[in-house]
Amino acid sequence: MTSDAALQRLHQHYQSMPPVAAMQVNIAGYDGSRLRLHAPLSQHVNDKGCAFGGSLASMMTLASWGVMSLGIEQAGLKAEVFVADSQTRYLAPLFADLDVHAELAPGADWDSFLTTLRERRRARTSLIARALLPEGGIATEFTARYVAIAKP
């Protein structure tokens, strides 16, 4: 399990980026494989009164990046993490606070990723993130490939 100190470092990293700090993103939980983020709708509302699509995409990008960063740190490694590519599907408008979770995509193997990162100093894997509707269901789904490059 990841320590509270690691989650605090991640939160501080998020807050060090002015656009992210303005989003009022908070870590809502982490179970060792799935990271949950929360932000108030009031900071992300569009002209229709629902969540702005760019905010949803940003939150899911941040959550996925956080999963990668926490997992790498938990493995005792240091690496820079980058999003390589992503696709976002908007399934339903979200008229509530933004609650997002991210985790490795089905079929992605964390152990293989870490082995490749150790051996080749560079590795990539796929993640999936979702913005949830308050009554259940998915407002937005995000799939992406992330790359990690080991630090010396």
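Strand 4 (residues 98-104) and strand 5 (residues 122-132) pair in the antiparallel sense over 5 bridges. Two strands count as paired if DSSP finds at least two bridges between them. Glu-103 stands opposite Ile-128 in strand 5. This is a predicted model: local features need pLDDT of at least 70, side-chain atom pairs count only at pLDDT 80 or more, and totals for chains, interfaces and linings use all residues. Residues are numbered from 1 along each chain as its sequence is written, and side-chain values use heavy atoms, leaving out hydrogens and water.

- The open sheet has 6 strands in the order 1-2-4-5-6-3, with antiparallel pairing.
- Strand 1 (26-30) and strand 3 (79-90) are the edge strands, and each pairs on one side only.
- From one strand to the next, the twist averages 25 degrees.
- Strands (E, at least two residues) and helices (H or I, at least four) are DSSP runs, numbered from the N terminus.

**Helices across the sheet**
- Helix 1 (residues 4-15) lies across strand 1 and strand 2 (35-39), at about 150 degrees to strand 1.
- Helix 3 (residues 53-74) lies across strands including strand 6 (138-150), to which helix 3 runs at about 40 degrees.
- Axes are lines fitted to C-alpha atoms, for helices over the stretch in contact; angles run from 0 to 180 degrees between N-to-C directions.

**Helix 3 with helix 4**
- Helix 3 and helix 4 (residues 110-120) pack at about 65 degrees, with axes 11 Å apart.
- The two are therefore roughly perpendicular (under 35 degrees is roughly parallel, over 145 roughly antiparallel, 65 to 115 roughly perpendicular, the rest oblique).
- Val-67, Met-68, Gly-71 and Ile-72 in helix 3 meet Trp-110, Phe-113 and Leu-117 in helix 4 (contact means heavy atoms within 4.5 Å).
- By class, this contact has 6 nonpolar, 1 polar and no charged residues (Ala, Val, Leu, Ile, Met, Phe, Trp, Tyr, Cys and Pro count as nonpolar, Asp, Glu, Lys and Arg as charged, and the others, Gly among them, as polar).

**Helix 1 with helix 3**
- Helix 1 and helix 3 pack at about 140 degrees, with axes 11 Å apart.
- The pair is therefore oblique.
- Residues of helix 1, among them Leu-7, Leu-10 and Tyr-14, meet residues of helix 3, including Leu-62, Trp-65 and Leu-70.
- The contact of helix 1 with helix 3 has 8 nonpolar, 2 polar and 2 charged residues.

**Salt bridges**
- The structure holds 7 salt bridges (a side-chain nitrogen of Lys or Arg within 4 Å of a carboxyl oxygen of Asp or Glu).
- Glu-73 forms one with Arg-9, the closest N and O atoms being 2.1 Å apart.
- This pair links distant parts of the chain: Glu-73 is in helix 3 and Arg-9 in helix 1, 64 residues apart.
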